[in-house]
Amino acid sequence: MFITFEGIDFCGKSTQVELLKNFLLQKGKKVIVIREPGGTKISERIREILLDKKNEEMQFETEFLLFSASRSQLVREVIAPNLEKGFVVISDRFHDSSTAYQGYGRGLDIQKIKVINSFAIGRFVPNLTFLIDIPVEESIKRKLLKSNDELDRIEISSKKFFNNVRNGYLEIAKEESRFTIIDGTQSIEKIHNQIIDKIILMKGLIDEK
Ligand code: ADP
Ligand code: TYD
């Protein structure tokens with residue numbers, strides 16, 4: 001079982017990934033959590049280049065290819081072998097982030113993104129994807145709680161960019177049945193319960209008495 005979490009910055013993904021991990025561990029599952037970009041030695045080095053605010057000259061095409069390179073390493077080095085060993089793999093972001101951020105956000109050709117995404121991930125398409133949807137205004141409110149030094153090269157993008165990313169995610173979710181859209185403005189606990197409800201519906205993953 002391969003589960004991914006998606007959404008604009010500060011939507012609450014990491015919070016929910018942690019809660020889901022603990023829930024599955026309690027149910028006796030073997031779980032690994034990864035986050036993108038990163039998760040392998042090579043992918044973490046690519047992450048540094050991608051998120052470094054000093055890299056102002058980075059072209060959108062370069063940005064997309066670096067995310068894809070980081071991901072292709074993660075798939076083959078970590079995701080594939082762990083799925084084979086029977087782990088539930090939970091990823092904080094995956095290829096849909098590239099379609100949303102580099103495609104709908106930066107304006108790169110969506111069809112080309114899909115072809116390269118598919119090349120990078122091979123047959124490792126997630127079984128289940130949770131899109132935690134929040135308005136951009138909510139993301140900005142949460143971002144204001146962070147200091148400027150904590151923000152990376154992409155988090156400092158404009159409101160218009162994040163609006164395009166959010167709308168992009170909603171478009172992708174319409175096309176793919178693996179998506180569940182969750183209202184991210186609800187309480188942390190309510191969101192977690194909705195995620196659990198969906199997981200329980202996935203027959204065979206956990207035994208509910
Ligand atoms: P992401 O991984 O999507 O960037 P985080 O889980 O790190 O998001 O959450 C971003 C910020 O929003 C954190 O300060 C977190 O405490 C807060 N947060 C997370 N979920 C909620 C929620 N449902 N309601 C209000 N604030 C939240
Ligand atoms: P990160 O600090 O991991 O942010 P978050 O907690 O919001 O996931 O930084 C990842 C940033 O990179 C985030 O702004 C989203 C962006 N991103 C892309 O633009 N394309 C991608 O394919 C991925 C995986 C991330």
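**Ligand 2 and its surroundings**

Arg-71 puts a polar side-chain atom 2.9 Å from an oxygen atom of ligand 2, a polar contact being a pair of N or O atoms within 3.5 Å. Ser-98 does likewise, with a side-chain N or O atom 2.7 Å from a ligand 2 oxygen, and for Arg-47 the figure is 3.2 Å, again to an oxygen atom of ligand 2. On its own, ligand 2 exposes 550 Å², and the protein buries 91% of that (Shrake-Rupley areas, 1.4 Å probe). This is a predicted model, with local features needing pLDDT of at least 70 and side-chain atom pairs 80 or more, while totals for chains, interfaces and linings use all residues. Residues are numbered from 1 along each chain, chains are lettered from A and ligands numbered from 1 as written, and side-chain values use heavy atoms, leaving out hydrogens and water.

Around ligand 2 there are 16 residues, of which Asp-9, Arg-71, Arg-93, Ser-98 and Gln-102 come nearest (a residue counts if one of its heavy atoms lies within 4 Å). By class, that shell splits into eight charged, five nonpolar and three polar residues, with Asp, Glu, Lys and Arg taken as charged, Ala, Val, Leu, Ile, Met, Phe, Trp, Tyr, Cys and Pro as nonpolar, and the others, Gly among them, as polar.

Technical notes: A polar contact is a pair of N or O atoms within 3.5 Å; within protein, one must be able to donate a hydrogen and the other to accept it, and residues adjacent in sequence count only if both atoms are side-chain atoms.
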